[in-house]
Amino acid sequence: MLSLAAAFTLAQPQCDALAPSVARLLQAMSSNAQRGNYSGVVTLQRGNDMQIMELSHRVENGQASEELSRLTGQDALVERTDHPTDCMHPGHQLLRSAEIIDGSFCGLASVYRFRVQPGDRIAGRASLRLRVEPKDMYRFGHVLELDQDTALILKSSTFAADQSVLEQFQFASISMAPRQPADAVVEYEATHPHPHESEHLRRGVAWDLAWLPEGFMPTDSVPKESQRKSYTDGLASFSVFLEPLGAAIKPGEGVERQGSTVAYTRGTLLDRRPVLVTVLGEIPTNTARMLADSVRLQ
């Protein structure tokens, strides 16, 4: 089984804490998904809610285009066109960030344990299973079923500390070719504004986090007055928003969870200034609460 992982022809990253077979899988997964053509039907399960969607990913002249159309519920189509394949999003291709930050995946190995096992047959394709177990309570675990030929993620499950499944994504059918454009009602067209271009995010007060879980680091460089700061450990990501308020609001916290994503909000006073702190990301609620506690004005 491990010989299949070794079949990937990419250079081997060096990291004593990570088995070479796992390093090769991570590198193939981070590099190949954006650069190949594929399409298929996917399911997204969050608790009792299941959505079925059609996905197409197409690469032409170094530009990637994606279409995601909903097959259940209200008709909708999300498009992203002519996107450079070397562009990274906080919630997309995060492994590439981890590789670039330290030149390998050693940072991931400091906070996760990895195991490669034989995988299930997913959408008619053989897979390798990559188990990703957190070494602390500040992040979730994952089980990834990777296509044996392309390392594309065919199935992804996110687990809580009690091993309950929070969220599961899976291809029901897949073709290694893009599909023809769908004839659907466009409900929301995805855009790609760079965070630095959002003027309203720059207005605020200087602030920072006094605590970060080990392994997390900023995804980009933003002004210290930015109302939004984002972080990733290479697999999970979260953003912290700080909004100055004109008057103090009633103390308390609000928590909303959908699958592996939590939105935690709290109104509080920092240096006698009323602010609203929001943490949004793929992290446990207690981690979000601790991050909100650690916000400090500078």
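Visitor: Is Trp211 buried, partly exposed or exposed?
Guide: Trp211 counts as partly exposed, because its relative accessibility is 25%. Buried means under 20% relative accessible area, exposed over 50%, and partly exposed is in between (1.4 Å probe, protein chains only). Keep in mind that this is a predicted model: local features need pLDDT of at least 70, side-chain atom pairs count only at pLDDT 80 or more, and totals for chains, interfaces and linings use all residues. Residues are numbered from 1 along each chain as its sequence is written, and side-chain values use heavy atoms, leaving out hydrogens and water.
Visitor: Okay, how many aromatic pairs are there in the whole structure?
Guide: Six. Rings of Phe, Tyr and Trp (its six-membered ring) pair if their centres lie within 6.5 Å; planes under 30 degrees apart are stacked, over 60 edge-to-face, and the rest tilted. Tyr138 and Trp211 make an edge-to-face pair, with 5.2 Å centre to centre and 70 degrees between the planes.
Visitor: How many residues apart are Tyr138 and Trp211?
Guide: They're 73 residues apart, so to speak in distant parts of the chain, each in a loop between strands. Strands (E, at least two residues) and helices (H or I, at least four) are DSSP runs, numbered from the N terminus.
Visitor: New topic: what sits over the ring of Trp207?
Guide: The charged end of Lys229 does, 4.3 Å from the ring centre. That label needs NZ of Lys or CZ of Arg within 6 Å of the ring centre and within 35 degrees of the ring normal. Arg139 lies over the face of Tyr112 too, at 5.8 Å from the ring centre.
Visitor: And which rings form a cluster?
Guide: Tyr38, Phe169 and Phe171, linked by ring pairs.
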